[in-house]
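Please read the following walk-through with the coordinates open beside the text, and turn the view as each part is named.

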Amino acid sequence: MPLPGPDTHVVELRVPGLVGASGDSLLDSTGTVDVAGDGVGRIIRPCDRLRRPAPGPVLQALGRSVSRTLEGYLWDRMTSGGAAKAAWALLFPFALVNVAQWMLPPDSGTRPSRALSVVCRALLRVAGLLLTMLLVAQFAVLSLDLLAAQCLRPGADCLEAAPSWLRDVSGVRTAVGLAPLLLLVGVLFSVASSSWTVRAPRLRERRPDLPGGTVLDDERDTTTLRCLHTVAALGVVVLVLLGGPFVAPDATVDTVTWVVTLALLGFTTGATAFRAHRLAGRVGRVLLITTALVLVGVAAVVATPLSTQVSDGANSTVELLAAALFAVCVLFALLLVPTAVLARRAWAGLPKRLRPWAGGWAAAPALALAALLGGGFGAGLAIAARHVLDPSIALPRGYTLITVLWGAGLGFAALIAIPVFAVAVPLRRARRGVPEVLHLMDTPAEDVGKAADAWARAAWERKHLHRIVLTVVLAMIVGAAALLVVRLRAVELPEFLMPLSAVGVVALGVLAVALLRAVLTAATGAMRMRHLAAFADLVCFWPRVAHPVVPPSYALKVVPELAERAKEHLRAPDSRVVLSGYHVGGLLTVITAGRLSATLSDAELERLGLLTAGTPLQWGYQRAFPGVFGHDSLARLYGALGGHWRGLCRGTDTFGGGATTWRHQVRDGRLLGVGYLPDGGVGALEPAERGPHGVLVLGGDHWLPDPALGPVQGRRWAPGVRRHTDYIAEPEWDRAVAYAAGLAGPTPAVPEPTRPVGPAPGDVLGSSRLDGNGMVNGPG
């Protein structure tokens with residue numbers, strides 16, 4: 001990085017993370033004003049009382065004050081702000097299918113690996129299509145079967161207050177049953193059609209060598225997948241009206257409609273799997289949807305008046321789709337095993353705490369959870385509706401089985417979680433004692449106890465939390481397989497298991513009510529939608545690749561626009577730009593910095609820095625998405641930035657631990673570790689530098705004491721153990737910005753080639769042992 005001159009100026013571009021921040025909290029200011037953007041993605045600055053942009057607080061570096069322009073990129077309006085966007089939270093099963101594809105292990109480059117990767121992606125797209133069809137079929141059970149065919153039939157006992165013409169006019173009954181289904185298909189089409197206007201060059205180039213370099217903007221795939229899902233949804237409605245997929249109707253018109261519908265569904269499934277949908281143009285898409293709508297109209301006419309044929313069609317269609325989805329999940333899980341084994345060489349040399357979850361197999365439980373949620377929501381809703389309308393109404397037998405499974409799963413999760421959190425964490429704290437690093441941070445004696453408790457809890461959760469989730473999901477998968485055998489053999493469930501069905505209905509109902517409450521609060525006030533915002537931020541991060549009916553990815557708008565803003569500031573030769581982000585905002589800045597490293601000139605890249613704070617990169621995204629945030633790509637980015645990537649982290653933060661270092665240990669009163677090097681490699685680091693306020697700077701990571709040692713003059717005070725919150729209040733924030741801008745801290749010498757630092761993680765280090773944080777605890 002060039003030597004700073006008297007006119008050196010720092011521009012900090014700050015990006016928020018989860019729980020959608022306001023402009024004031026993002027910039028830690030009493031007021032902000034927009035200076036650029038389109039109202040959805042907003043560039044803001046602090047302002048004075050006259051609402052004029054004001055300069056940011058100066059940086060103390062080089063023995064003088066360095067001017068700083070403080071800007072923030074707000075993207076909260078992409079995930080919150082109204083009932084329509086809030087309703088996206090209800091698409092969680094679809095979003096999980098989409099996320100599962102991003103969790104796939106990277107292609108190792110061999111022919112078998114490429115072939116397996118292609119097949120796995122095809123199966124995920126088919127699973128997404130089946131999940132859409134299952135959702136529509138379950139709604140058909142509610143509207144066409146339960147409501148129109150059974151509850152509104154002449155002489156039925158339920159809904160006695162309904163007008164007589166609803167029962168007597170057969171065409172009206174059919175319309176009442178069809179209207180909610182067509183509305184649902186329209187809503188799904190609308191969500192899949194939503195997108196953001198990007199005021200910068202879109203992410204079109206695939207760069208697997210960069211962090212997040214595979215996150216691409218491919219509107220063509222989304223457009224045609226949306227068409228295929230719409231056609232499949234309408235085809236399900238036709239099958240329900242005509243009596244299901246197994247028995248052909250007797251009448252000629254009915255039979256022709258039935259055969260054409262099955263052929264259309266076969267085409268959509270094959271096109272989705274083999275990516276033949278890329279061949280379909282606008283005319284082809286319009287023709288497919290028009291054909292499906294015509295088939296719905298014909299089926300509605302021939303099925304009127306509604307009879308038991310509709311009930312048979314709804315039941316058989318739901319059970320066939322559920323069985324097909326289960327089969328796809330099993331096949332995907334089996335094929336993912338050799339896929340992960342072939343990709344293993346990409347992480348075989350890494351410490352265990354940096355390797356992918358479940359050895360790269362985590363996409364399979366994610367897909368299974370999506371299927372279980374999709375089936376559970378529909379079953380729980382239908383059973384609850386039956387109890388409200390008429391308990392004698394018949395429903396598919398599989399509905400009781402899936403709710404029993406959810407009841408058992410809830411009980412199993414409780415049996416694991418309650419003892420673990422009540423016993424395991426305190427035992428760990430008692431066994432490991434006080435981490436030595438707390439003494440290096442000069443933690444006051446009155447804070448040592450609660451700090452050690454918080455470190456122990458975070459260490460345990462970082463090591464075991466994902467394992468608990470995987471265990472519960474795998475147990476539910478085994479239970480689903482057992483219940484499928486019960487269903488196929490027509491075995492009656494024992495009576496003592498039936499209370500589990502009620503527990504499952506209640507659990508699913510509570511989850512659905514919680515989501516609906518979040519929808520309501522999101523529509524009625526910005527200060528009451530934080531839980532929904534945290535949920536939606538996670539769902540909306542990933543582009544649509546396996547399922548189109550998910551919210552558009554905000555990363556596809558934030559990254560290119562943030563990169564374009566950084567380029568604007570870098571055009572001034574005396575300016576230095578630091579991209580700073582906390583929580584998920586740190587991921588966005590990492591991807592942006594990676595893209596900029598490939599497009600900026602050497603002179604511009606030397607003036608670019610990166611700051612991440614509490615970012616779930618190393619613990620979460622690097623391990624859950626190894627094909628997106630690969631270890632080698634992160635090391636290359638650190639080298640491209642010349643080591644000017646700083647990470648603020650706390651040992652008490654489960655999700656935001658170290659970003660650029662690992663294998664931490666305390667030896668002779670010094671904090672040591674391994675991490676990324678300024679030359680783009682990986683190796684042992686110099687001992688941690690002791691900074692002000694108890695901070696330890698090891699490589700690129702700034703380890704912060706928590707609780708803070710005490711108030712600092714001129715800084716906002718945040719007392720107590722803060723864990724994953726309020727990084728901006730840290731006095732070290734400004735110092736880390738100066739480091740990232742090349743204005744503070746000596747440029748570390750490049751050590752000798754990689755050498756091990758002590759035994760592997762988990763082994764005894766003299767009188768100390770590594771804990772789940774990678775920090776060492778003292779004897780006893």
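Does tryptophan 662 count as buried or exposed? In this predicted model, tryptophan 662 counts as buried, because its relative accessibility is 3%, and the cut-off for that class is under 20%. Tyrosine 676, at 2% relative accessibility, counts as buried by the reasoning that applies to such a value.

These two residues also meet through their rings. A pair of aromatic rings is described by the distance of the centres and the angle of the planes. For tryptophan 662 and tyrosine 676 the centres are 5.2 Å apart and the planes stand at 70°, so the pair is edge-to-face, given that planes over 60 degrees apart fall in that class. Tryptophan 662 belongs to strand 10 and tyrosine 676 to strand 11, so their pair ties together parts that are 14 residues apart in sequence.

Three strands, in the order 10-11-12, form an open sheet with antiparallel pairing; its edges are strand 10 (661-667) and strand 12 (682-684), each of which pairs on one side only. From one strand to the next, the twist averages 15°. Strand 11, which covers residues 670-676, pairs with strand 12 in the antiparallel sense over three bridges, and valine 674 has alanine 684 in strand 12 as its bridge partner.

Helix 21 (residues 631-640) packs on this sheet and touches strand 10, strand 11 and strand 12, while its direction makes about 105° with that of strand 11. Seven of the ten residues of helix 21 are buried, so the helix is largely enclosed by the rest of the structure; the buried residues are His631, Ser633, Leu634, Ala635, Leu637, Tyr638 and Gly639. Just after helix 21, glycine 642 takes a positive phi of about 65°.

A last stop is threonine 269, whose place is in helix 8 (residues 252-274). Threonine 269 counts as partly exposed because its relative accessibility is 27%, a value that lies between the limits of under 20% for buried and over 50% for exposed. The side chain of threonine 269 reaches the backbone oxygen of leucine 265 at 2.9 Å, and, when residues up to four places away in sequence are not counted, threonine 269 touches Val126 and Leu129. Between threonine 269 and histidine 229 there are 40 residues of separation in sequence, and their C-alpha atoms are 9.2 Å apart in space.

Conventions
Residues numbered from 1 in each chain as written. Predicted model: local features only at pLDDT ≥ 70, side-chain atom pairs only at ≥ 80, totals over all residues. Heavy atoms only, no water. Pairing = 2+ DSSP bridges. Helix = DSSP H or I, 4+ residues; strand = E, 2+ residues; numbered from the N terminus. Axes fitted to C-alpha atoms, helices over the stretch in contact; angles between N-to-C directions. Contact = heavy atoms within 4.5 Å. Buried < 20%, exposed > 50% of the residue type's maximum accessible area, 1.4 Å probe, protein only. Polar contact = N/O pair within 3.5 Å; in protein donor to acceptor, adjacent residues only side chain to side chain. Phe/Tyr/Trp six-rings, centres within 6.5 Å; stacked < 30°, edge-to-face > 60°.
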